[in-house]
Amino acid sequence: MAEVESFQLDHTKVLAPYVRLISTETGPKGDVITNFDIRLVQPNEQEIPTAGIHTIEHLLASLIRDRMDGLIDCSPFGCRTGFHLIAWGDKTSEEIASVIKSSLEEIANVTKWEDVPGTTIESCGNYRDHSLWTAKEWSKLILERGISTDAFERKVI
């Protein structure tokens, strides 16, 4: 089996919330993509409930695109402690942390239910499993802790 970088990471040594650059790759035609670990809660100590992380996922899909160009994907980890973010171009942890912080601030302080995209049977594969209240509460908690640009040392933006 191929090695996966995330499974080589010692999850007992990281200090969430953080943004960690996993890799920068250049394709055969020179296109650059960056892959980030967006860890919102401490691994093996907390996990965001499914309905909350689902709602955060839907909101981030739009809010990140409002704040930066080049987002390819932002998908939740199965362990529900954060997200993978993949983008075109040579992005930095500082850029991404700023975008995540701003997006979570909007979720926590501004977003109303009617702002959440993809919550109908036609637009979501599990439309009944959303919770804006949970998304807001976890966003507030994450923001209180501060988002670091380093996974192993707290460098809060």
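Leaving aside neighbours within four places in sequence, which residues is Leu15 in contact with? They are Gln42, Ala151, Phe152, Glu153 and Arg154. Contact here means heavy atoms within 4.5 Å.

A word on the model comes first. This is a predicted model, in which local features need pLDDT of at least 70, side-chain atom pairs count only at pLDDT 80 or more, and totals for chains, interfaces and linings use all residues. Residues are numbered from 1 along each chain as its sequence is written, and side-chain values use heavy atoms, with hydrogens and water left out.

Back to Leu15. This residue is found in the loop between α1 (5-8) and β1. Helices (H or I, at least four residues) and strands (E, at least two) are DSSP runs, numbered from the N terminus. Leu15 counts as partly exposed because its relative accessibility is 34%. Val41 is 26 residues from Leu15 along the chain, yet their C-alpha atoms are separated by 8.5 Å.

The loop between α1 and β1 also holds Thr12. At 65% relative accessibility, Thr12 counts as exposed. A cis peptide bond joins Ala16 to Pro17, with omega at about 0 degrees.

Why point that bond out? Most peptide bonds are trans, and most residues other than glycine have a negative phi. Asn44 has a phi near 65 degrees, a positive value in a residue other than glycine. Asn44 lies in the loop between β2 and α2, and at 72% relative accessibility it counts as exposed. Arg80 also has a positive phi, near 65 degrees, and is not glycine. Arg80 sits in the loop between β3 (71-76) and β4. With a relative accessible area of 27%, Arg80 is partly exposed.

Now turn to helix α3. How far apart are its end C-alpha atoms? They are 24 Å apart, which agrees with the 24 Å that the 17 residues of α3 (residues 93-109) should span at 1.5 Å a residue. The expected span is 1.5 Å times one less than the number of residues. The buried residues of α3 are Ser93, Ile96, Ala97, Val99, Ile100, Ser103, Leu104, Ile107 and Ala108. Seen down the axis of α3, these buried residues fall within an arc of 165 degrees, so they line one face of the helix. The arc is that of the directions from the helix axis to the C-beta atoms. What do they pack against? Their partners are β1 (18-26), β2 (32-39), α2 (50-67), β4 (82-88) and α4 (132-145).

Look closely at Ala108 in helix α3. Ala108 is buried, with a relative accessible area of 7%. Apart from neighbours within four places in sequence, Ala108 is in contact with Lys136, Ser139, Lys140 and Leu143. Ala108 and Ser139 are 31 residues apart in sequence, but 5.6 Å apart in space, C-alpha to C-alpha.

Buried in α4 are Leu132, Thr134, Ala135, Lys136, Trp138, Ser139 and Ile142. These buried residues pack against α2 and α3. Just after α4, Gly146 takes a positive phi of about 85 degrees.

How do α2 and α4 meet? Two packed helices are described by the angle between their axes and the distance between the axes. For α2 and α4, the angle is about 80 degrees and the axes are 7 Å apart. Axes are lines fitted to C-alpha atoms, for helices over the stretch in contact, and angles run from 0 to 180 degrees between N-to-C directions. That makes α2 roughly perpendicular to α4. Angles of 65 to 115 degrees count as roughly perpendicular, under 35 as roughly parallel, over 145 as roughly antiparallel, and the rest as oblique. On the α2 side, the contact is made by Gly52, Thr55, Ile56 and Leu59; on the α4 side, by Leu132, Thr134, Ala135 and Ser139.

Methods:
Buried < 20%, exposed > 50% of the residue type's maximum accessible area, 1.4 Å probe, protein only.
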